[in-house]
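Subject: Structure handover

Hello,

Here is the structure I promised you. Please open it and keep it beside this email while you read.

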Amino acid sequence: MREYDARAIRNVAVVGHGASGKTTLVDSLAFISGSSRRRGSVKEGTALTDATPEEIERGYSINVGCAIAEWMDTKLNLLDAPGYADFAGDAIAGLAAADGALVAVSATSGVEVGTERMFHEAIERRDPVLFVVTMMDKEHASFDKAYAAIRETLTPNVIPVEIPLGEGAGFRGAINLFSKRACLYGAKGSSDIDIPAEERERFERYHKEMLETIASTDDSLLERYLDGGEITRDEEVAAMKEGMKKGQLFPLFCCAAERDFGTETVLTRLVELMPSAYEMEELHGFHGAEGEREVEIHPEDGAPFVAQVFKTLSEPHVGDISFFRILSGTVENGSEVFNASRGAAEKLGHLSVAQGRERMEVQRLHAGDVGCVAKLRNTHTGDTLSTREHPVRLPSMRLPEPLVTFAIHAASRTDDEKLQAGLHRLHDEDPTLELSYNPETHETLVSGLGERHLDVALAKLRRKAGVAATLGAPKIAYRETIRARAEGQGRHKKQTGGRGQFGDCWVRIAPAQRGDGVVFEDRITGGVIPSKFIPAVEKGINEAATRGVLAGYPMVDFRVELFDGSYHSVDSNEMSFKMAGILAFKEVAKKCRPVLLEPLDELEIETPDDYLGDVLGDLSSRRGQVLGTEPAGAKRTRVRATVPESEIHLYATQLQSLTHGRAKFTRRFKQYEEVPGEVAQRVIAQHAEEKEATA
């Protein structure tokens, strides 16, 4: 493969909803360009960028896939992004490595939630965007409906650059509004013809719309257009490209990639309209790991080398493969680079570019290009590679927060260590898969973007780590507290024939302020308990409090006064008074009207107004308390509510179902509150059953 500099490189993320034809389109673009020698199929499991067993088995993209199309002396790095929300982390990583987005919209399904999400993500990044209506040859395909949906849902500034000849089984070609010619597609290639007479009126309408939209972005063009002057094709292309860079224009194309119809035009327009890596604005990073000063990064070969790892894949027998985008400078095979994020040197052995699952070794890569390398020792997704002489660290990619959490257990206890190692490898590969350990419930927790995300993680664990694991609802970290005060005695006496054990203490227990924990006060006078034994009493009370008196949960927010007791000059010791403290707590706490506390989370939900009633009703069914609502943009409302943690498991799935995937939410721990009586009785009864079963 020849070398390309930044001026001849286009980095394009192909995004859209799942099943909108992205992977098939990328496959066709690479094949038509001649850069890929085989034509793959998603249905047959041979698609170019769906390379892992999990993707082949399920028939949809899970990882961002890399492909190359060489066209018009230009290298197109095509980043095939997953379309389902469960794998949005990889889609965002693809956008982060690209300079623009090609948004696929199905001619049969129109604009779906994944399309909306990725379009707005690209706009937020200020990336130029092209639209392509895919699957024009399928039954019920409608270019006009897809176009109208884009205008209504995404942006009114979308403008067709070509319009189809026929739809569904009758899709046979397209009219190009730039060239004012028609192209007929066939099994043996395409042919250029005059616009059919019956399509002339339709062409004139769309062409006028395109010219007016393009002219409105440039004062000199607008003046000439209004004066009846001609705007040349080159001027149209240049003005549209400039409008795309400013976020003012969004050109629209159409194709049927499964039959390679229209993909050659898409290739040409990507080269003509997408900005090169060289044309993109400079980035800003930080000098060194500490980031003591800001530095500008320019996509030029002569600048110091800087690259960012946007994806890590782990393959058996190969190890970790790091995919990176070069932001400035060049790098050669075998070069030593510096990971400023972690302060570690790395050697780029077997420097390669990826064509789907195949990797082709190269001698050198230039600014703006995308490459990959295996077996970096201490580099992970999001890290910055630079040089020791000019260490640079870029801000980490902004990835979505996990939405669902499960407890995970190895199917066999002997696999616990393998499970932990496997989970950490998966996290390195996919940072949106988060791991934690809850010391209160003694569970390993795994969090992800959805149930499908975690299902794929289990499949990867089986394949890569040889570990079978199961998921379950996490245990809730309930707590206990008291609502009344009481006092009583804890007396430990044991005689075994020799030296015995004796400890005797009297305590008062009373409620404390929420959040105070356990407050111990020494009120002993007259030496009835020697001072050296008082810490043992406190230790015993604290230990007993961790097991509570209702359902085995820690008791919190109470005050203990040690006010009386007695001791034996021979038989008393620290252990005896610790046991006395335990007995005193058990005796007195039961008389203090103990109650159960549950953790509450605060949810912030943003939903379309059409689904607001359903969202509020669902919150009510979960014992939620709405704190307030406020407008959140056009026809959207933001809801704040507190909901018991026990009622939130799989809330993300239910919210997706209620709102057809168009709502989003965040959650954070709020506070502990008393559990309603009926719910508390169920929790206490369940604890009793579990205790009896393990007795």
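Which residue in β9 is the bridge partner of Asn-176? It is Arg-181. Keep in mind that this is a predicted model.

**The four-stranded sheet**

Strand β8 covers residues 173–176, and strand β9 covers residues 181–186. The two run antiparallel and are joined by 4 bridges. Both belong to an open sheet of 4 strands, in the order β7-β8-β9-β10, with antiparallel pairing. At the edges stand β7 (162–165) and β10 (189–193). Each edge strand has a single partner, so one side of each has no neighbour in the sheet. From one strand to the next, the twist averages 25°.

**Strand β15 and its partners**

Now go to β15, residues 319–328. Of its 10 residues, 9 are buried, so the rest of the structure largely encloses this strand. Strand β14 (residues 306–315) runs antiparallel to β15, with 9 bridges between them. Find Gln-308: its bridge partner in β15 is Arg-325. β14 and β15 form a hairpin with 3 residues between the strands. There, His-317 takes a positive phi near 70°.

β15 also pairs with strand β22 (residues 370–374). These two run antiparallel as well, joined by 5 bridges. Look for Ser-322, which stands opposite Val-373 in β22.

**Aromatic rings**

The structure holds 16 aromatic pairs. One of them is Tyr-60 with Phe-87. The ring centres are 6.1 Å apart, and the planes make an angle of 35°. That makes the pair tilted. It links distant parts of the chain, 27 residues apart. Tyr-60 lies in the loop between α2 (53–58) and β2 (65–71). Phe-87 lies in the loop between β3 (74–80) and α3 (88–97).

Are these two residues buried or exposed? Tyr-60 has a relative accessible area of 15%, so it counts as buried, because the cut-off for buried is under 20%. Phe-87 is at 5%, so it is buried too.

**Charges over rings**

Stay with Tyr-84 for a moment. Arg-452 lies over its face, 4.1 Å from the ring centre. Then look at Phe-563. The charged end of Arg-508 sits over that ring, 3.8 Å from its centre.

Best wishes

Key
Residues numbered from 1 in each chain as written. Predicted model: local features only at pLDDT ≥ 70, side-chain atom pairs only at ≥ 80, totals over all residues. Heavy atoms only, no water. Phe/Tyr/Trp six-rings, centres within 6.5 Å; stacked < 30°, edge-to-face > 60°. Buried < 20%, exposed > 50% of the residue type's maximum accessible area, 1.4 Å probe, protein only. Lys NZ or Arg CZ within 6 Å of the ring centre and 35° of its normal. Pairing = 2+ DSSP bridges. Axes fitted to C-alpha atoms, helices over the stretch in contact; angles between N-to-C directions.
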